[in-house]
Amino acid sequence: MKIKVWGSRGSIPSPGKDTVKYGGESTCLELVTQDNKTIIIDAGSGLRKLGQQILKQNNTNEIALMLTHAHWDHLAGFPFFRPAYFSNYKIYLCAGGQPQDSLLKYLKHQMDPPYFPVEFSKLKSKIISGCRCENGNCDHKLCTTGDSIKCYSIPLNHPNGGYGFKFIEKNKSFVFLTDNEIRYSHPGGLERKDYVEFSRNADVLFHDANYNEKEYEKTIGWGHSTCKDAIDLAIEAGVKRLGLFHHDPDRSDSDLDEQMEWCENYIKSLRSGLDCFACYEGMVIEI
């Protein structure tokens, strides 16, 4: 599978001269399977540019759009996703656990007047809701993600809930746990050990690392983890590569460079061989 990052910023887009290196777009990933199926994870502001690419390629007509949850930074790009305006596209709305028909309601609501000038009813693509990623399947009766890949989900520890995902293709695995607060128990969330097991031996894990330790003293319960939390979980789970995700919108490129230096020193102090990096827009990883 091939994973491309179209947005790794959290809470709100933060473009500008101070965020050029890591990017300012909010959460959006593109996952392409070995049988060339397209899975999009989250519809943050990065979705706009991804949509432009899909139109240029003109070889993708069925898209699985998997949403972790309905906070604005994970939905804001959808009204600007140009494939949704063309009748030759099918978009399958997918989430974890029970079928998430409510996600369709949220997407419609953000395009209601006076929030957006074009109403949802004007979209010409065929949008199919009710798909769920669970127990290795993406509900193939509804959602075509390709026969080569298996999909699993897990509830996130986050205000208002949500789901993280795991994708396995030919014994290679990618785990995505954004907006997941490891040290705090939110309604519907699980225990730390559950996220360790879900991430066990993953080839690549992208995990929420919004805060440093000092910041977290004032933000406990806000729904996000520290870089230390992510590293500790990845090492315990035997993860090969860890991508730090959901960068704070106020964190500049130089701030993230400093954070990565701290992370590298912390990993060395643990005598671990974990490969740790900060996710950035345009990053492509092949597993």
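The structure is a predicted model, in which local features need pLDDT of at least 70 and side-chain atom pairs count only at pLDDT 80 or more, while totals for chains, interfaces and linings use all residues. Residues are numbered from 1 along each chain as its sequence is written, and side-chain values use heavy atoms, with hydrogens and water left out.

A salt bridge is defined here as a side-chain nitrogen of Lys or Arg within 4 Å of a carboxyl oxygen of Asp or Glu. Arg241 belongs to strand β11 and Asp275 to strand β12, so the pair ties together parts that are 34 residues apart in sequence. The helices and strands named in this text are DSSP runs, numbered from the N terminus: helices are H or I with at least four residues, and strands are E with at least two. Asp275 is itself partly exposed, because its relative accessible area is 33%.

By the stated rule, the count comes to twelve salt bridges. One of them links Asp203 with Lys172, and its closest N and O atoms are 4.0 Å apart. Asp203 is found in the loop between α3 and β10 (204-208), whereas Lys172 is in strand β9, so the pair ties together parts that are 31 residues apart in sequence. With a relative accessibility of 10%, Asp203 counts as buried, while Lys172, at 38%, is partly exposed. Salt bridges that share partners also bring Lys240 into one network with Lys172 and Asp203.

Another salt bridge joins Glu215 to Arg251, with the closest N and O atoms 2.8 Å apart. Glu215 is located in helix α4 (residues 213-219) and Arg251 in the loop between β11 and α6, so this pair ties together parts that are 36 residues apart in sequence. Glu215 counts as partly exposed because its relative accessibility is 28%; Arg251, at 7%, counts as buried.

Attention may now turn to the interior. A nonpolar core is a set of buried Ala, Val, Leu, Ile, Met, Phe, Trp, Tyr and Cys residues joined through side-chain atoms within 4.5 Å. The largest such core has 29 residues, of which Leu177, Leu205, Ile231, Leu242, Leu244, Met260 and Cys276 touch the most other members. At least two residues of this core come from each of β9 (172-177), α3 (192-198), α5 (227-237), β11 (241-245), α6 and β12 (275-278). The greatest contribution is that of α5, which gives six residues.

Helix α6 also has a place in the description of the surface. Glu261 lies in this helix, which spans residues 253-269, and it counts as partly exposed because its relative accessibility is 48%. Together with Asp255, Glu258 and Glu264, Glu261 forms a patch of negative charge on the surface. Patches are made of residues with over 30% relative accessible area and no salt bridge, and like charges are joined within 9 Å.

The peptide bond from Pro113 to Pro114 is cis, with omega near 5°, and Pro114 is in the loop between α2 (101-109) and β6 (126-133). Ser11, although not a glycine, has a positive phi of about 75°; this residue is in the loop between β1 (2-7) and β2 (28-32). At 43% relative accessibility, Ser11 is partly exposed. Asn171 is likewise a residue other than glycine with a positive phi, here near 65°. Its place is the loop between β8 (163-169) and β9, and it counts as exposed because its relative accessibility is 76%.

Two distances complete the tour. Lys218, in helix α4, is exposed with a relative accessible area of 73%. Lys218 and Glu264 are 46 residues apart in sequence and 24 Å apart in space, C-alpha to C-alpha. Glu286, in strand β13 (residues 284-286), is exposed with a relative accessible area of 64%. The C-alpha atoms of Glu286 and Val204 are separated by 9.7 Å, and the two residues are 82 residues apart along the chain.

Methods
Patches are made of residues with over 30% relative accessible area and no salt bridge: like charges are joined within 9 Å, nonpolar side chains (Val, Leu, Ile, Met, Phe, Trp, Tyr) within 5 Å. Accessible areas come from the Shrake-Rupley method with a 1.4 Å probe; for residues, only the protein chains shown count as cover. Lys and Arg count as positive and Asp and Glu as negative; His and the chain ends are not counted. The place of a charge is taken as NZ of Lys, CZ of Arg, CG of Asp or CD of Glu. Buried means under 20% relative accessible area, exposed over 50%, partly exposed in between (1.4 Å probe, protein chains only).
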